[in-house]
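Please examine the sequence and the structure shown below. The paragraphs that follow lead through selected ion pairs, a helix contact and a loop residue.

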Amino acid sequence: MNMKKKFIALLAVYASASLFLTGCGKKPADDGQNAEDEGSEAASEQTQTVESGGNVSLRFWCDEDEMDLFQEQIDTFISDHKGEANLTIECEMVPAAECKDELLGDVNNGADVFCLPDDQILTMTASGVLEEVTNADAIASANLDGATAAASVDGKLFAYPITADNGYFLYYDKRYFQPQDVRTLDRILEICAQNGKKFVMDWSSGWYLYAFFGNTGMTLGLNDDGLTTLCDWNRAEGDITGLDVAKGMLSIARNKGFLSDAGAAAKMKDGTAIAAVSGVWDIAAAKQAFGENYGACKLPTYTCAGRQVQMASFTGYRLLGVNAYSPQKAWAEKLAEYLTGEESQRLRFERAERGPSNKKAASSDEIQKNQAIAAALEQAEHGVIQKVGQKYWDPVTEFGNTMAAGNPGNRPLQDLLDTMVSEITE
């Protein structure tokens, strides 16, 4: 845990010694009543504080770039509950992506409350680190259906949704594109090629490559064992086949307006990309690159099997989990519910432009006016929660890199598809 940076938020509520002694000691008869009243009130307040909650110590894990905001909210939480317990809450830097490994390595020394992406929910639940949320009905009803589903296993809620924006969509420069131009990838590529610019998308990642297979009627998901992947992207029959998708991708790859690159932010900033697929983490980069011409919208359609197919996406959600092994689980649940509540999510949007999962916060005018958040929410209607096994990633990366390079070995596309699916599903 040598990467951790600790910021300690501490609020200890104690009655002053002199006031306590005034209430307990003997006083002259002429002012005894006032002193007795004052001392009794102070002693009562102290007794209530200690007996109701005592000394409560919690640890909270989050990403480094979120620490300051979470610290501010934690300070408010402590202040709001100062009459109930002497709260100490340590905010520590442990990236959400690493949370699962950290916790499972030493669950008894893990955080009481922690951030996690939705793709960790199955493992965390199966290991017993997460238990069903106590106030599940209220939490579920307050959040978007997709967020609730992402935090659930077998219809039971195991975590607290906090954002609904961990997906991807299209950024573009309005100096080059009209709103109708970004509806189809064909038109985007045409404009990029005409201007010596690029449409950038990372084909080395199975997270992004799902965009081409997702709305074709083909299948991708987990088997009943929760570990292995079901995939038929090499399907040879149906309205759209795997070969149709591969041909569509190869046509894109060979267009002068296309570039596969993992650094969408850098390519927007250096002027290479005037359209790029990315997520809310690149809002600042897109605004810096495009200035007042910054735009964002859902993904376009692409040409596949002689028709326009809406590009799909993995929709991602960020969650807060409560460690089932926490010695202060009741207080950990209170903290998680507070940090994921409507007002806390509104503040996260205002300060960090993170899209709320809370229904009321997500429906606000401010959210709808934010192009990137609105794009993420609109694209979520064409996406699914990511549920794949570990063997999904490497074969899709190899396939994507081969296609992005234009299939330099001229291997039969069906062979490439069959190999990818065989390795995904083994």
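In this predicted model, R346 has a relative accessibility of 24% and therefore counts as partly exposed, the limits of that class being 20% and 50%. Its salt-bridge partner is E342, with 3.0 Å between N and O. E342 has a relative accessibility of 23%, so this residue too is classed as partly exposed. Why are R346 and E342 separated by about one helical turn? Both belong to helix α14, and they are 4 residues apart there, which means a separation of about one helical turn.

Helix α14 spans residues 342-352 and also carries R348. The side chain of R348 forms a salt bridge with E66, and the closest N and O atoms of this pair are 3.1 Å apart. E66 is located in the loop that runs between β2 (55-62) and α3 (67-80), so its bridge to R348 ties together parts that lie 282 residues apart in sequence. Are the two partners buried or exposed? Both E66 and R348 are buried. The pair also belongs to a network of salt bridges, in which E66 and R348 are linked with D63, D165, R318 and R354.

A further ion pair joins R175 to D173, with a distance of 2.7 Å from N to O. Here the two partners fall into opposite classes of accessibility. R175 has a relative accessible area of 55% and is therefore exposed, since the exposed class begins over 50%. D173, by contrast, is buried, because its relative accessibility is 1% and the buried class covers values under 20%. The total for the model is 17 salt bridges.

The discussion now turns to the packing of helices. The axis of α3 comes within 11 Å of the axis of helix α13, which consists of residues 329-339, and the two cross at roughly 125 degrees. At this angle α3 and α13 are therefore oblique to each other, because the angle lies between the ranges for roughly perpendicular, 65 to 115 degrees, and roughly antiparallel, over 145. The crossing of α3 and α13 is right-handed. Which residues make the contact? On the side of α3 they are F70, Q73, I74, T76, F77 and D80, and on the side of α13 they are W331, K334, L335, Y338 and L339. Sorted by class, the contact between α3 and α13 comprises 7 nonpolar, 2 polar and 2 charged residues.

Another point to locate is N370, which occupies the loop between α16 (365-369) and α17 (371-380). With a relative accessible area of 11%, N370 is buried. Apart from neighbours within four places in sequence, N370 is in contact with F349 and E353. The distance from N370 to G295 is 10.0 Å between C-alpha atoms, although 75 residues separate them in sequence.

The chain as a whole gives the setting for these details. Its secondary structure consists of 19 helices and 19 strands. The protein chain has 426 residues, of which 50% are buried. Of the contacts between residues at least 6 apart in sequence, 75% join residues at least 24 apart.

How values were computed:
Residues are numbered from 1 along each chain as its sequence is written. This is a predicted model: local features need pLDDT of at least 70, side-chain atom pairs count only at pLDDT 80 or more; totals for chains, interfaces and linings use all residues. Side-chain values use heavy atoms; hydrogens and water are left out. A salt bridge is a side-chain nitrogen of Lys or Arg within 4 Å of a carboxyl oxygen of Asp or Glu. Buried means under 20% relative accessible area, exposed over 50%, partly exposed in between (1.4 Å probe, protein chains only). Axes are lines fitted to C-alpha atoms, for helices over the stretch in contact, and angles run from 0 to 180 degrees between N-to-C directions. Angles under 35 degrees count as roughly parallel, over 145 as roughly antiparallel, 65 to 115 as roughly perpendicular and the rest as oblique. A crossing is left-handed if the near helix is turned anticlockwise from the far one by less than a right angle, and right-handed if clockwise. Contact means heavy atoms within 4.5 Å. Ala, Val, Leu, Ile, Met, Phe, Trp, Tyr, Cys and Pro count as nonpolar, Asp, Glu, Lys and Arg as charged, and the others, Gly among them, as polar.
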